[in-house]
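Biologist: Before we start, please show me the sequence and the structure, and then let me put some questions to you.

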Amino acid sequence: RPRVLSGIQPTADSFHFGNYLGALRQWVALQEEHEPFFFIADLHAITVEQDPKLLRERCLRAAAQLLAMGIDPERSAIFIQSQVPAHAQLGWVLQCLTGFGEARRMTQFKDKSAKGGEGAASVGLFTYPVLQAADILLYRPQYVPVGEDQRQHLELTRDLAARFNHRFKKTFRLPEPYILKSTAKILDLQLPTAKMSKSASSPGGIIEMLDDPKVSAKKIRSAVTDSGSEVRFDEGEKPGISNLLTIYSALTGREIEDLEKEYDGRGYGDFKKDLAEVVVEFVTPFRDRTLELLDDKAQLDAVLRDGAARANAVAERTLADVYDRVGFVRIG
Ligand code: TYM
């Protein structure tokens with residue numbers, strides 16, 4: 001079975017709808033036909049300041065959420081990045097193959113360092129995409145299911161893989177981004193020109209999977225919509241309504257056209273009220289299940305221990321090849 005790999009940062013108490021619809025739902029679906037490796041990117045999280053106690057808590061919450069949404073630990077290795085040392089080790093080797101200018105072109109660094117100025121940003125934030133390339137290449141996956149905002153990092157990953165293969169010997173597989181067009185960029189409910197984001201969205205703009213379902217329903221009902229009253233998918237003219245239609249369609253499996261027909265002549269109010277109900281029905285069991293899983297720390301530990309063992313087995317083998325090819329001494 002071809003491999004699949006992806007990661008998510010433990011930088012909030014809850015995943016949000018952008019994470020879920022943009023990426024995590026595809027993780028669940030891809031389990032069926034692939035050999036998946038899914039991890040919680042704690043090394044990436046510390047590129048910006050984190051409170052140690054919160055970070056530890058959020059890693060476990062992330063693991064519980066992955067299980068609650070249907071990642072099956074029998075099929076998928078679920079692990080925490082820092083428990084597989086090869087990520088940082090390959091990260092270093094790849095940093096030495098990355099041009100300074102090449103790293104500088106990564107738009108996420110520009111965005112994330114914009115606030116405090118480049119001087120205040122950590123070097124880790126600068127090299128973040130190179131570590132991400134290491135995360136991926138260690139497992140030689142075919143697909144990497146992510147949202148649109150990760151596309152540039154996937155391109156860098158492919159460039160670095162090709163460069164290493166060319167300079168030394170064919171070692172890495174060139175991974176393909178797996179980005180579902182319809183949900184690749186879920187927008188902020190209050191500012192439907194920007195993506196829904198844990199760091200940038202206002203509380204009203206972001207639906208958190210573990211939030212009180214009543215609060216999420218209210219956020220849907222008060223989402224910014226566009227002038228006019230027609231429920232129609234048109235990303236240019238009606239980004240707010242189009243975003244809500246995308247969410248509605250993704251959660252129910254109904255075609256957008258079908259939804260447009262159903263709400264023809266009924267206005268935004270009815271539409272948002274119904275979507276709020278769809279959202280409540282979706283998040284309520286998810287939240288209950290996550291809280292239940294969080295009560296069983298021993299089970300979470302067992303899943304993460306097993307996941308790390310499976311990941312280490314694969315990652316160590318790739319790293320050994322890399323060290324060999326680069327010319328590091330192997331003592332017999
Ligand atoms: P992160 O933690 O920011 O987000 C996790 C996943 O959610 C997707 N996503 C979205 N998709 C659609 N619409 C949105 N508004 C939205 N917001 C977030 C992201 O694209 C991502 O797929 N650098 C990665 C973590 C990472 C990684 C990796 C991913 C580290 N190493 C290796 C893949 C492979 C990140 O910060 O994702």
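Predicted model: local features only at pLDDT ≥ 70, side-chain atom pairs only at ≥ 80, totals over all residues.

Modeller: Residues are numbered from 1 along each chain as its sequence is written, and side-chain values use heavy atoms, with hydrogens and water left out.

Biologist: How many helices and strands does the protein have?

Modeller: Helices (H or I, at least four residues) and strands (E, at least two) are DSSP runs, numbered from the N terminus. Counted in this way, the secondary structure of the protein comes to 13 helices and 5 strands.

Biologist: What is the radius of gyration, and what does the globule rule give for 332 residues?

Modeller: The radius is taken over C-alpha atoms, and the globule rule is 2.2 Å times the number of residues to the power 0.38. Because the radius of gyration is close to what the rule gives, the protein is as compact as a globular protein of that length. The C-alpha atoms fill a box of roughly 75 × 45 × 40 Å along the principal axes.

Biologist: What percentage of the 332 residues count as buried?

Modeller: Buried means under 20% relative accessible area, exposed means over 50%, and partly exposed lies in between (1.4 Å probe, protein chains only). By that cut-off, the buried share of the 332 residues is 50%.

Biologist: Among contacts between residues at least 6 apart in sequence, what percentage join residues at least 24 apart?

Modeller: Contact means heavy atoms within 4.5 Å. Among the contacts in question, the share that join residues at least 24 apart is 75%.

Biologist: Which elements do the buried residues of helix H3 pack against?

Modeller: Helix H3 covers residues 52–68 and reaches 24 Å from its first C-alpha to its last, close to the 24 Å expected at 1.5 Å a residue, where the expected span is 1.5 Å times one less than the number of residues. Its buried residues include Leu 55, Arg 58, Cys 59 and Leu 60. The elements that the buried residues of H3 pack against are helix H1 (17–30), strand S2 (35–40), helix H2 (42–45), strand S3 (77–80), helix H12 (267–294) and helix H13 (297–326).

Biologist: Which residues does Thr 290 touch, not counting residues up to four places away in sequence?

Modeller: Thr 290 has its place in helix H12, and at 0% relative accessibility it counts as buried. Ala 64, Gln 65 and Ala 68 are among the buried residues of H3. With sequence neighbours up to four places away set aside, the residues that Thr 290 touches are Ala 64, Gln 65, Ala 68 and Leu 210.

Biologist: What is the phi of Arg 140?

Modeller: Most residues other than glycine have a negative phi. Arg 140 lies in the loop between helix H7 (123–137) and strand S4 (143–145), and is partly exposed with a relative accessible area of 27%. Although Arg 140 is not a glycine, its phi is positive, at about 45 degrees.

Biologist: How far apart in space are Pro 85 and Ala 315, C-alpha to C-alpha?

Modeller: Pro 85 is placed in the loop between S3 and helix H4 (86–95), and at 47% relative accessibility it counts as partly exposed. Pro 85 and Ala 315 are 230 residues apart in sequence, while their distance in space, C-alpha to C-alpha, is 8.7 Å.

Biologist: Is Asn 243 buried or exposed?

Modeller: Asn 243 is found in helix H10 (residues 239–252), and its contacts beyond four places in sequence are Ile 186, Leu 187, Asp 188 and Leu 189. Because its relative accessible area is 5%, Asn 243 is buried.
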